[in-house]
Amino acid sequence: MKRLVNIREQVVPISFIAAILIIWESVAALQIVPTYILPAPTKIIISLFTNLPVLKEHILVTLMEALVGFVISIVFALFISIIMDSIPVVRRAIYPLIITSQTVPMITIAPLFAIWFGFGYLPKIIIVALVCFFPITISLLEGLASVEEDLLNLIKSMGASKVQLYKIIKLPSAMPGFFSGLKISGTYSITGATIGEWVGGKKGLGVYMLRVKSSFATDKVFATIIIITLLSLGMLKIISYIERKAMPWVHDKNNMVWEDE
Amino acid sequence: MKKVEAINIKKSFGQLHTLEDISLSLEENRFVSLLGPSGCGKSTLFNIISGLTLPDRGEILIDGEVYNGKTGRVSYMHQKDLLLPWKNILSNVMIPLILKGESKNQAEKKALEYFHLFGLDGFEKNYPNQLSGGMRQRASLLRAYLFSKDIMLLDEPFGGLDAITKRKMQHWLLEVFNNLNSSILFITHDIDEAIFLSDEIYILSKRPAVVKKVFQVNIGRPRDDNTFTNVEFIRIKKEILNLL
């Protein structure tokens, strides 16, 4: 029954997307716009598959940069947010800086990293880490601060140390926030790596995109965009899966409710 | 023997004079209730007794020793169950034992001994949100009990429950109290509940709170539904109603 409702709910968006694709395809087929400006969806799909062998190594490089940067940002976010949460002075000192830093567009400072760190993997990884750092840190900070005062008092009244407070109460209750931060950052990580590669490099989806763009191979540009989107969605799916496994108490909520006899 | 004694406790928060002058004592294995209008500072008094808050004046004695500002001696249970949603019931009630440095196995064994008494048999592995309000409060009480068996502070533990569950929990608490060997301080603003459960009732005034009167409830135990129509019960209830 639930499945049927799901399908019915999806009919509208799916038909809408199908309609757009059909119009797009006909516009391309009728040669209203030149192919190098708007290639047909079918042409994009075909070029995606024919170029897959070439694309593969670029995908792997971008994925590697994104993952390494992502992991680094998680480690830093955990470290910084716990320190900020436990020492109020540090929180007040750093918080405005973190917020302000987010107003700087990454694309404008990416060239700086190329100047400082060259055209290897390092500047890309740094950019990914910077992009991912903010959403994780902010959501972790909020999660850590949102713990019920009565609960903290209760565990304190049982003589818990500060480390135990974090281990038993604060970190677990920050988990939902932490994961929503991870989901945002995970999708950013692929884009972040691509922006880094855009500035210059030898391999990666950003580099590949620059190349095919210069030769007006618009179908290949679109194919790369599809891959970037798929990779970002993949990150999101994997993180959601880990989230469900890591927080079974949320997942099991609807299982059973026991009444007093 | 006096388990807990509060002597001339006074506490203000800035301009808010919460407790003016409170003295009370809890004898061993007695059930003592604090009854008063809401917002009169009963919970502040519990925070002071449990050592979370320092009084402006006065002393807290536990087993005859000064305990001002020292946590970790008495157990404290709130109106909210305050169970951790990410831990199952067994792991939740084990927390105080783990905090005391016991091994996981040892703590598990100790905690499991009480699951039957607390009516939680078979729910060891369930998460709190899978249990009813009454069961969660029983788990919360078990957690408090495992922390400190001899002195327990219960802050309106049944205040958040519906009337029927509340009545069941009161009967259950009376029954289980006989097996606990605890001295209990109990906050409530339900007059019937106070008389039904207690050996002694302190009536507190509104803020700034002082002790208005102390009632001895001389109704024998075990008590049951007939207690509510007992002559002594009605006499005390009338007097309390007149006072408030």
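Mentor: Before we look at this predicted model, keep in mind that helix axes are lines fitted to C-alpha atoms, taken for helices over the stretch in contact, and that angles run from 0 to 180 degrees between N-to-C directions.

Trainee: At what angle do helix α2 and helix α4 of chain B pack, and how far apart are their axes?

Mentor: Two packed helices are described by the angle between their axes and the distance between the axes. Here α2 (residues 89-99) and α4 (residues 133-147) of chain B pack at about 25°, with their axes 7 Å apart. Angles under 35 degrees count as roughly parallel, and α2(B) and α4(B) are therefore roughly parallel to each other, while their crossing is right-handed.

Trainee: Which residues of α2(B) and α4(B) meet?

Mentor: Among them, B:I89, B:V93 and B:L97 lie on the α2(B) side, and B:L142, B:R143 and B:F147 on the α4(B) side. By class, this contact has nine nonpolar, one polar and one charged residues.

Trainee: How should I read the pairing of the strands in the open sheet of chain B?

Mentor: Strands of a sheet pair through backbone hydrogen bonds, either parallel or antiparallel. In chain B an open sheet of ten strands has the order β5-β4-β1-β2-β10-β9-β3-β8-β7-β6, with mixed pairing. Strands β5 (65-66) and β6 (75-77) of chain B stand at the edges, each with a single partner strand, so one side of each is left without a neighbour in the sheet.

Trainee: Where can I find a parallel pair?

Mentor: Look at β2 (residues 16-27) and β10 (residues 209-216) of chain B, which pair in the parallel sense over two bridges, with B:V210 in β10(B) as the bridge partner of B:D21. By contrast, β1 and β4 of chain B run antiparallel, joined by five bridges.

Key:
Residues numbered from 1 in each chain as written. Chains lettered and ligands numbered in written order. Predicted model: local features only at pLDDT ≥ 70, side-chain atom pairs only at ≥ 80, totals over all residues. Pairing = 2+ DSSP bridges. Helix = DSSP H or I, 4+ residues; strand = E, 2+ residues; numbered from the N terminus. Parallel < 35°, antiparallel > 145°, perpendicular 65-115°, else oblique. Left-handed = near helix turned anticlockwise from the far one by under 90°. Contact = placed C-beta atoms within 7 Å. Nonpolar A, V, L, I, M, F, W, Y, C, P; charged D, E, K, R; others polar.
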